[in-house]
Each structure stands twice: as C-alpha cells, then as structure tokens.
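Reader: Please walk me through this model. I want to know how to read its features.

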Amino acid sequence: MTARTIERPGRGTVDGSSLHPDLVRLHAAWVVALVATLGALFVGEIMGQAPCVLCWYQRIAMFPLAILLGVAAFRGDRGVRVYALPLALAGLAIAAFHGLLYAGIVSEAIEPCGAGPSCASADMTILGGLPLPFLSLAAFVAITLLLAPVPGKKRA
C-alpha cells in the first residue's frame, strides 16, 4: 500500500500517511458530534419523543457542532477550536446541569421536562438503560476534551 498525497491549492501537498494528531482529534470530535446529532434526531423523529427544554438547548449547541466540525475536519482547519470550543462548553454546562437534575442532586422548582415525556422515564434510556442526559453530557465532555489544546505542546 502506498501513501496518499493530497494536493492542496496554495498550501502545498499533504502526506495522507502522517496525519497531524490535532487533525485526528478534530475528526474524532466531529464523529462524536455527528453521532450525538443523529442520535438526538433518531430519538425525536423515529421514536417520537419530544425533547424537554434542556434537551432543546443541548441540541442548539450540538447540531451546529456537527456541521462546523465536519467542515473544519475535511478542510484540515485546526483553528476551528476558537469557534467550536465555546459552543461545546456551553452545551457541556447545560448537559451537566441537566445531569444533576436527573440524578436528583439539584432540585429545581420548575420541571424542565414539562414538554413531552420526562427525561427520567424509562422511555428515555438507550443502550441497556443509559439515560439520555448522561449520554449528552458524555458527548459534550468528549468533544471538549478532543478540542482542548494539549498542555505543554507547541502550537504549529
């Protein structure tokens, strides 16, 4: 098998056999965002579960990440973290609050799952009982860690 060389107009050639670790992490972040987006659409559109208010806010953060990270991954734009990381952190904050509500650690006078089924119901679990709020939290944590700059590493 031979190495694949990619011609990039105005930017020289890229040897496909030696991908930069930041690009691998960017592609991985995009895959996580894409799977989370497709999962949310599956739960909403195929399973017919209406998302709660906090789920909507998490979707507002996740859906653009799938597009933004996808475009950046295929363009090789490692600078996308400047735009994507704040969006991922906002989603992470909402997902963390949602997870704390779900776990009963934070009690809230308003019921965030008022529209449609409650996220605490058995219908809102997948993969053998994993609650959707925790899956969302895991996705935002993964994206944030994949986009975060590696400490002690020089910027290229």
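**Reading the model**

Author: Start with Ala 88, which lies in helix 3 (residues 81-103). Helices (H or I, at least four residues) and strands (E, at least two) are DSSP runs, numbered from the N terminus. This is a predicted model: local features need pLDDT of at least 70, side-chain atom pairs count only at pLDDT 80 or more, and totals for chains, interfaces and linings use all residues. Residues are numbered from 1 along each chain as its sequence is written, and side-chain values use heavy atoms, leaving out hydrogens and water.

Reader: Is Ala 88 buried or exposed?

Author: Buried means under 20% relative accessible area, exposed over 50%, partly exposed in between (1.4 Å probe, protein chains only). Ala 88 has 0%, so it is buried. Its contacts (heavy atoms within 4.5 Å) include Leu 65 and Phe 140, not counting residues up to four places away in sequence.

Reader: How many aromatic pairs are there?

Author: Rings of Phe, Tyr and Trp (its six-membered ring) pair if their centres lie within 6.5 Å; planes under 30 degrees apart count as stacked, over 60 as edge-to-face and the rest as tilted. The count is two. The ring centres of Trp 30 and Phe 74 are 5.3 Å apart with planes at 80°, so this pair is edge-to-face. Trp 30 is in helix 1 (residues 21-46) and Phe 74 in helix 2 (residues 53-75), 44 residues apart. Trp 30 is buried at 18% relative accessibility; Phe 74 is exposed at 61%. Tyr 102 and Phe 134 also pair edge-to-face, at 5.2 Å centre to centre and 85° between the planes.
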